[in-house]
Amino acid sequence: MNATTRTSEHGLSKFHRLLLEQVGHEFTASHQYFALAAWFDDRDLPGLARVFYRQSLEERDHATMMVRYLLDNGVSPDIPGVDGIQTDFTEPRELVALALSQEQQVTAQIRGLAGAAREEQDYTGEQFVNWFLQEQVEEVSTMSTLLNVVDRGNGNMFDVETWVNRELPDSAADSGAPETAGPAVG
């Protein structure tokens with residue numbers, strides 16, 4: 001391990017500690033998105049269900065990318081557990097608003113990772129996090145737009161489904177994404 005990896009306090013640099021925590025956040029996000037997808041699926045809204053099932057897999061891949069980075073840098077990942085998720089909703093808007101809020105929170109966490117890497121002069125860590133910063137711009141934008149479409153749909157979820165199927169088709173795997181630990185599913 002390099003000098004920036006070890007500290008006397010926890011055995012890991014601040015960046016690596018935050019990255020380990022982020023693995024848990026990403027797995028929690030994956031679990032939350034799966035719950036949202038199942039809610040839409042249960043209500044015969046397959047387009048929205050597909051968006052959130054895919055998002056669940058993407059968050060899982062983000063966690064495994066982080067694990068791969070840690071392994072490649074000599075850090076044994078102690079995989080955190082998944083935090084509690086919300087499953088009780090009354091209307092579709094609540095789910096999309098939760099997804100947007102979750103993406104905004106993840107963006108703040110990723111920015112914290114970038115700041116820690118820069119503070120510790122961990123240039124490879126900073127470079128690694130840059131992909132996630134760019135990814136978060138897309139994630140927040142997509143969920144923000146989806147929330148606007150749900151609001152404009154004024155309760156007509158079939159119009160929202162039409163928009164989702166037209167504007168959010170299945171996409172190919174992201175090029176330039178960091179390698180995952182194990183096979184990528186996206």
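Buried means under 20% relative accessible area, exposed over 50% and partly exposed in between, with a 1.4 Å probe and protein chains only. The structure is a predicted model, in which local features need pLDDT of at least 70, side-chain atom pairs count only at pLDDT 80 or more, and totals for chains, interfaces and linings use all residues. Residues are numbered from 1 along each chain as its sequence is written, and side-chain values use heavy atoms, with hydrogens and water left out.

**View 1. Overall arrangement of the five helices.** The protein has five helices and zero strands, where helices (H or I, at least four residues) and strands (E, at least two) are DSSP runs numbered from the N terminus. Along the sequence the pattern reads α-α-α-α-α. Of the 186 residues in the protein, 46% are buried. Among contacts (heavy atoms within 4.5 Å) with a separation of 6 or more, 79% join residues 24 or more positions apart.

**View 2. Packing of helix H1 on helix H2.** Helix H1 (residues 14-42) packs with helix H2 (residues 46-72) at an angle of about 165°, and their axes are 7 Å apart. Axes are lines fitted to C-alpha atoms, for helices over the stretch in contact, and angles run from 0 to 180 degrees between N-to-C directions. H1 is roughly antiparallel to H2, a term for angles over 145 degrees. The crossing of H1 past H2 is left-handed, that is, the near helix is turned anticlockwise from the far one by less than a right angle, whereas clockwise gives a right-handed crossing. The contact of H1 with H2 comprises 21 nonpolar, seven polar and four charged residues. In this classification, Ala, Val, Leu, Ile, Met, Phe, Trp, Tyr, Cys and Pro count as nonpolar, Asp, Glu, Lys and Arg as charged, and the others, Gly among them, as polar.

View 3. Tyr 53 counts as partly exposed because its relative accessibility is 26%. Leaving aside residues up to four places away in sequence, Tyr 53 touches Phe 34, Ala 37, Ala 38 and Asp 41. Ser 30 is 23 residues from Tyr 53 in sequence, with a C-alpha to C-alpha distance of 8.7 Å.

**View 4. Packing of H1 with H3.** The axes of H1 and H3 come within 10 Å and cross at roughly 170°; the two helices are therefore roughly antiparallel to each other. H1 passes H3 in a left-handed crossing. This contact divides into 18 nonpolar, six polar and four charged residues.

**View 5. The buried and exposed faces of helix H5.** In H5 (residues 157-167), the buried residues are Met 157, Val 160, Glu 161, Trp 163 and Val 164. Seen down the axis of H5, these residues fall within an arc of 165°, so they line one face of the helix; the arc is that of the directions from the helix axis to the C-beta atoms. The buried residues of H5 pack against H2, helix H3 (92-119) and helix H4 (123-153). Exposed Phe 158 and Arg 166 are carried on the face of H5 turned away from its buried side.

**View 6. The contact of H4 with H5.** H4 and H5 pack at an angle of about 150°, their axes being 8 Å apart, and the crossing is right-handed. H4 contributes Thr 145, Leu 146, Val 149, Val 150 and Gly 153, and H5 contributes Val 160, Trp 163 and Val 164. By class, this contact has six nonpolar, two polar and no charged residues.

Notes:
Angles under 35 degrees count as roughly parallel, over 145 as roughly antiparallel, 65 to 115 as roughly perpendicular and the rest as oblique.
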